[in-house]
Amino acid sequence: MKIQVVQGNIQESTADTLIVNLFDDVTTPAGATGAVDTALNGAISELIVHGDLTGKVGEVGVLYPRGTIPAKRVLVVGLGKRGEFDLEGVRKAAAAGLKRARDLKAQHVATIVHGAGVAGLEAQAAAQATAEGSLLAAYQYDAPKQREDAPHEIDSLTVVEFDKKKVKAIEQGVDTAVAISDGVILARNLVNQPPNVVTPTKMAETAHIIAATHGMRITVGGRKWAKEHNMGAFLAVAQGAGEKPKFIVLEHNGNREDLDTIVLVGKGITFDTGGISIKPAERMGDMKSDMGGAAAVLGAMKVVGALNLPLRVIGITPCTENMPDANAYRPADIITASNGKTIEIINTDAEGRMVLADGLVYAGRYNPKAVIDLATLTGACVVALGSGTAAGMFSTDDGLRDKLLAAGTAVHERVWPLPLFPEYRKAIDSDVADILNSGGRFGGVGTSAMFLKEFTDYPWVHLDIAGMALAEKDNSYIPRGGTGFGVRLLVEFLRNW
Ligand code: BES
Ligand code: MN
Ligand code: ZN
């Protein structure tokens, strides 16, 4: 779907479908909705009077202009209560309108910026949210199956603004939204494609395209390279993998050591069978999403490049499968990570923390102001916070934690703080090595975070996104499947750094 901004009256638009909006307390619409109402000889007001249009959240009224204006149809999206309206309300309203337009097989859609008029939100932010809600709702995973019933796609979306003074800001908001949505969609596509397609090699190819497009330095290390870097933890997981492992490093402004450095690390298990500690068959296929952290990092790096952020940003994604195999690592193995710490394996299904250990050690070489890792790390996190609710957040730096909390709230990719209690460290004490790779069932999310902490020596945030990378059902602008969770959060955090 193409998107553009024009100045003018939306009722004069030649789009086939117009999208306007309504708060739940309105009896006589004002602004753009009012202008359309007048052009339709009061058809919107009439529906309000009869109670057929209430402006509640999720409502989309459909009106037929019968020749009064060029458009074929007008959609009136409910914004709900004025006092509860925010940028998330804008995204949801945009998504509701867009999805109804798609259901009605619209080709050319024109929309106003939700929230920039009477609601008084800042024009640029409201435009960004309108465009993001629309673009992300329009996304449909293009499964490579032979089918007649290809889903309908809207050809173009025109954002119409009457106020000349706001147009520049709206254009900026829309441009930002396009860059961000492209990153989210990249991450969604990586998660949605099957694990025999999205292999570590495919992850590396994707990273190469990002590097070439945005002039980033890229390093892709294989087994030999990882061995040279003493990455025993990463290699242990990769040992049983038929697919070649790839340790990927993308550098934006890599040689600009004058800039603040932020490192993003993403767990890139392209398929997690559990290894020798094999998972049950039921729903194992969901573990194609176990590279959701790496997908978010690659998506965020793409956006960082597109927006050319004035920071030194490093993206690290250790990618491998976790397979049971004659060569696979086993429970009771003792492994040495790249910082020299020894790890006693008690469960090969706790593989994410293994690959992250070497990823986090590698992050240290950039002398970072902050390192953020994202990982579909534990089922325990999903038990604690729910599926699709919030990511678990652990941090060794209160300022950093607060920044991520704020960024998550702003973009509605929520993160919630969980504790790094010293008891969790005791649970992973080993008799024969420096640390155990699993603390067992109780406090599983905290013990996994405490494990990772052993491999950090800089301000650090760990985000457990196990419940967030894959959505079971459609929800507003997040369709079922890969969510791209983390991309918008990271970009918001970096833009506000
Ligand atoms: N990738 C899984 C965690 C996961 C579970 C992600 C559900 C998404 C949804 C991870 O590698 C794993 O298997 N974790 C184990 C850890 C345990 C062995 C200590 C878990 O959560 O059971
Ligand atoms: Mn696992
Ligand atoms: Zn895993």
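This is a predicted model: local features need pLDDT of at least 70, side-chain atom pairs count only at pLDDT 80 or more; totals for chains, interfaces and linings use all residues.
Residues are numbered from 1 along each chain as its sequence is written, chains are lettered from A and ligands numbered from 1 in the order in which they are written, and side-chain values use heavy atoms, with hydrogens and water left out.

**View 1. Ligand 1 and its surroundings.** Here 16 residues surround ligand 1, each having a heavy atom within 4 Å of the ligand. The closest are Lys279, Asp290, Asp349, Glu351 and Gly379. By class, the shell holds 7 charged, 5 polar and 4 nonpolar residues; Asp, Glu, Lys and Arg count as charged, Ala, Val, Leu, Ile, Met, Phe, Trp, Tyr, Cys and Pro as nonpolar, and the others, Gly among them, as polar.

View 2. A polar side-chain atom of Glu351 sits 2.9 Å from a ligand 1 oxygen, and a side-chain N or O atom of Lys267 is 3.2 Å from an oxygen of the ligand. Taken alone, ligand 1 exposes 520 Å², of which the protein buries 78% (Shrake-Rupley areas with a 1.4 Å probe; for residues, only the protein chains shown count as cover).

**View 3. Strand S8 between two partners.** Helices (H or I, at least four residues) and strands (E, at least two) are DSSP runs, numbered from the N terminus. In S8 (residues 246-252), 7 of 7 residues are buried, meaning under 20% relative accessible area, while exposed means over 50% and partly exposed in between (1.4 Å probe, protein chains only). Lys246, Ile248, Leu250 and His252 point one way, and Phe247, Val249 and Glu251 the other. Strands pair if DSSP finds at least two bridges between them. S7 (residues 217-221) runs antiparallel to S8, joined by 5 bridges, and Val220 stands opposite Ile248. S11 (residues 312-322) is also antiparallel to S8, over 7 bridges, with Val313 as the bridge partner of His252.

**View 4. An open sheet of 3 strands.** The order is S12-S13-S17, with mixed pairing. S12 (334-336) and S17 (435-436) are the edge strands, each pairing on one side only. S13 (residues 342-344) and S17 run parallel, joined by 2 bridges, and Ile343 has Ile435 as its bridge partner.

**View 5. Helix H4 and its cover.** Because 14 of the 16 residues are buried, H4 is largely enclosed by the rest of the structure.

**View 6. Arg488 in helix H15.** Arg488 lies in H15 (residues 487-495) and is buried, with a relative accessible area of 4%. Its side chain makes a polar contact with the side chain of Tyr477 (3.2 Å), that is, a pair of N or O atoms within 3.5 Å; within protein, one must be able to donate a hydrogen and the other to accept it, and residues adjacent in sequence count only if both atoms are side-chain atoms. A polar side-chain atom of Arg488 also lies 2.9 Å from the backbone oxygen of Val411.
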